[in-house]
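Hi,

Here is the structure I promised to pass on. Have a look at it first, and my notes follow below.

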Amino acid sequence: MTTQVEYSEPAASSWKDWRLAESLRFSPLVLVLLAIMLLAVAPPVMFLVNASLHETLPDGSPGVFTLRYYQQLVSGRFFVPSLINTLIYACGSSVIAIFIGTVQALIVERTNTPGRKLAFLAAIISLGVPHVLYVVAWLLLLGRSGPVNELIESLLHQPQALDVYSLWGMMLIEGIGFVPLTFLLMSSVLRSTDASFEEAAMMSGASPLRAFGSITLRMALPALCGLTLLIFVKAVESFEVPALVGLAGNVNVITTMIYQSSRRAGAPNYGEAGAYSMCLVVILLALMFWQNNLSRHAKRYQTITGKGFRPRVIDLGGWRHVTCAVLVGLFLMVTVVPVSMLAFTSFQPFYGGVSMEAFGRFSLENYHALFGPGSFRDSILNTLILGTMTATLVVPFTALCAWLVVRRSPGAWLIDQIASVPLVFPAIILSVAFLDVFVNMSLPLYGTLLSIILASSVRYLPYGMRYAFAGVIQIHSDLEEAASVSGANKAKLFLRVLAPLLATTLVSSWLLIFLVSVQAVSLPLLLVGPGSEIMSVTLFELWQNGQVTELAAMGMLWIALMTCVSVLFHLLTRRHQLNV
C-alpha cells in the first residue's frame with residue numbers, strides 16, 4: 001500500500017511572520033553594541049527635539065512645552081530670507097564645483113594631456129588645507145585691501161570693485177573649495193564608463209565634445225546627480241564660509257542662524273536653535289529621499305558588463321598644451337595662490353596688504369610665538385589628542401560592527417541603520433545637540449576635551465562604518481569557517497583572522513577620521529572651553545579677533561602636517577585600490 005504525501009507551499013503570512021521573527025532576533029554581542037550606539041546617538045537627537053518643543057529657562061534647561069519657536073519661524077522675518085539665501089548659496093556653490101571639477105576630470109581621464117596624472121596628487125594636497133584656512137586665504141586675496149582689489153583699482157581706477165562679503169563671494173569661495181573633491185569623484189565615474197558608445201557616436205559624425213555631452217554625461221546621470229546632491233548638502237550644512245564671509249556681509253543662512261541663537265549674549269536660545277536645526281534636518285531628509293528614488297532607476301544607465309570595457313583617450317594634438325595650461329591654472333587657483341597668500345602673511349609682523357614694502361618686513365616672529373608657552377602650543381597638542389582618540393575609538397568599534405553586519409549576525413541590520421543617523425544631522429546641529437546634552441548632564445563634561453572627543457566619535461561613526469564595511473565584504477567567510485573548525489571563538493576570529501586582513505583598510509580609515517576630525521570647526525565650536533582649545537576653533541577665533549598674521553603662521557604649520565597625512569592616506573588607498 002502506497003501512501004501519498006502532498007506538499008504544500010507555506011502560506012505567505014507564515015513566511016512574513018518567520019521573516020519578522022528572524023529580524024527581531026538579536027545575538028548578545030549585537031545587543032551590547034546596540035546599547036553602546038544608542039547611548040551615543042540617541043541623547044543628542046532627543047535633546048535637540050526636546051529643546052525645540054520647550055521654553056529655554058535662564059539656566060539653559062528646558063521649561064514648559066511650546067510650539068512658539070516653530071511659529072516664530074513661519075511668522076518671523078529672518079527664517080524665510082535665510083532659507084532663500086541657503087538654497088541660492090548651495091545651488092551656486094554646486095554649479096561652480098560641478099562645472100570646474102567635471103572639466104578637470106574630463107581632461108585627465110579622456111585626453112592625452114601631458115602630466116595629467118599629477119592632478120590627482122594636486123587634488124589630495126588641496127584636501128590637506130583645512131577649510132577655515134582656505135576661506136581665510138581667499139578673504140585675504142579678495143578682501144577690501146587684498147591684491148585683487150588693488151590690481152583692479154590700479155588698472156581701472158575704480159576703488160573696491162569686488163565685494164567678497166556677499167552672496168556671490170560665498171558661492172565662489174565654497175564652490176572652488178569643493179573642486180578637488182568633485183574632481184576625484186567625477187574622475188572615478190569617467191574612468192569606469194564604457195567608451196564604445198562615444199566611439200559609435202563619433203563614427204556617426206559627432207564631434208568628441210558633442211559625444212561626451214550627449215552620451216557620456218547622460219549615461220553618468222545618476223552619478224552626476226548623486227555628486228551634485230552631495231555638494232549641495234555639504235554646502236547647505238557648511239559653516240566656515242557663511243560664518244567668516246556671510247556674517248561680515250550681513251548675509252545669513254540657516255547654519256549661521258543656528259550658531260547665533262546658541263551663542264547669543266545673555267541667555268542662549270536653545271529652543272530657537274533647535275527649531276532651526278529641525279527645519280534643516282527636514283530639508284536634508286527630503287534631499288536624501290529624492291536621491292534614493294533616483295537610485296532605483298540606476299539600472300537603465302548601466303554600461304559595464306562582463307565583456308570588459310576601456311575608457312577612450314582622445315588625442316588632442318596641439319590642443320593638449322592648452323588643456324595642460326588649464327590643469328596648471330586650476331592647481332594655481334585652487335591651491336598654490338591661496339596657500340602662497342597665507343605663507344606671505346605668516347612672515348608679516350602685521351598685515352598691511354601686498355606691496356614691495358611688505359617684503360622688506362619679513363620676520364619669523366609669528367613662528368617663534370607658536371613654540372612658546374600659551375594657547376597656540378596647547379591647541380596643537382589638544383588637536384592631536386582629539387584626532388588620535390577619535391580615530392582610535394571609532395575604527396575598532398565600527399570594524400566589529402561592520403563584521404557583524406556583513407556576516408548577517410542576528411539583529412546586526414539595526415546597527416547599520418543607527419550608525420547612519422549622524423549623517424542626517426549637519427555638524428553645527430550636532431554641536432547644538434551635544435551642547436544641550438553636556439550642559440544638562442550631572443557629569444562635568446561641558447567644556448572639556450573629552451566632550452569634543454565623544455561628539456566627534458558619534459559624528460564620524462558613518463565614516464568608519466563605510467570603510468570597514470567595504471573591507472570586510474572583500475574577505476571570504478571560508479577563512480573564518482576554517483578558524484572556527486579549528487576551535488577559535490569569535491574574539492579570536494576577529495583579532496587573529498579578520499583584523500590582520502583588514503589592517504590596510506583600518507589604517508586608511510584611521511587616517512581619514514583623524515584628518516576630518518582635526519579640521520572640523522562647526523562641531524567643536526560650541527563645545528570648547530578653557531584648556532580644551534583646538535586648532536580649528538583657535539584659527540576661527542584668531543580671524544574674528546583680527547590676529548591675521550598669527551593665524552597664517554599657525555595655519556602654515558598645520559597645512560604641512562595635514563598634507564603629509566593626506567598624501568599618506570592617498571598612497572594607501574591607491575596602492576590597495578580602496579574606494580574613498
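A325 counts as partly exposed because its relative accessibility is 48%; buried means under 20% relative accessible area, exposed over 50%, and partly exposed in between, with a 1.4 Å probe and protein chains only. This alanine is found in helix α16 (residues 320-346). Helices here are DSSP runs of H or I with at least four residues, strands are runs of E with at least two, and both are numbered from the N terminus. Along the sequence A325 is 211 residues apart from P114, yet C-alpha to C-alpha the two are 9.9 Å apart in space.

Before you read on, a word on where this comes from. It is a predicted model, in which local features need pLDDT of at least 70 and side-chain atom pairs count only at pLDDT 80 or more, while totals for chains, interfaces and linings use all residues. Residues are numbered from 1 along each chain as its sequence is written, and side-chain values use heavy atoms, with hydrogens and water left out.

Now the overall picture. The chain has 29 helices and two strands, and buried residues make up 49% of its 580 residues. Of the contacts (heavy atoms within 4.5 Å) with a separation of 6 or more, 78% are between residues 24 or more positions apart.

Back to α16, and how it packs. Its axis and that of helix α6 (residues 131-142) come within 9 Å and cross at roughly 80°. That makes α6 roughly perpendicular to α16. For the record, axes are lines fitted to C-alpha atoms, for helices over the stretch in contact, and angles run from 0 to 180 degrees between N-to-C directions. Under 35 degrees counts as roughly parallel, over 145 as roughly antiparallel, 65 to 115 as roughly perpendicular, and the rest as oblique. On the α6 side the meeting residues include V136, W138 and L140, and on the α16 side they include M333, V337 and L342.

There is another crossing to look at. Helix α2 (residues 28-52) packs against helix α22 (residues 427-439) at an angle of about 90°, with the axes 8 Å apart, so α2 and α22 are also roughly perpendicular to each other. A40, P43, P44, F47, L48 and A51 from α2 meet I429, V432, A433, F434, D436 and V437 from α22.

Which residues touch the most other members of the largest nonpolar core? They are M37, L139, I258, L342 and W543, out of 160 residues in that core. Helix α19 (residues 375-406) gives the most to this core, with 14 residues. A nonpolar core here is a set of buried Ala, Val, Leu, Ile, Met, Phe, Trp, Tyr and Cys residues joined through side-chain atoms within 4.5 Å.

W543 is worth a click. Leaving out residues up to four places away in sequence, W543 touches V136, L139, L140, Y165, L244, V548 and L551. W543 is one of the buried residues of α28, a helix (residues 535-544) that is mostly covered, with eight of its ten residues buried. After α28 comes G546, with a positive phi near 80°. N250 also has a positive phi, near 60°, in a residue other than glycine. N250 sits in the loop between α13 and α14 and is exposed, with a relative accessible area of 66%.

On to the rings. The whole structure has twelve aromatic pairs; rings of Phe, Tyr and Trp (its six-membered ring) pair if their centres lie within 6.5 Å, and planes under 30 degrees apart count as stacked, over 60 as edge-to-face and the rest as tilted. F239 and Y259 pair edge-to-face, at 5.1 Å centre to centre with 65° between the planes. F239 lies in the loop between α12 (221-237) and α13 (240-246) and Y259 in helix α14 (residues 254-262), so the pair ties together parts that are 20 residues apart in sequence. Both F239 and Y259 are buried.

W510 and F514 are stacked instead, with 5.5 Å centre to centre and 10° between the planes. Both lie in helix α27 (residues 503-519), four residues apart, about one turn of the helix. W510 is partly exposed at 26% relative accessibility, whereas F514 is buried at 6%.

Cheers
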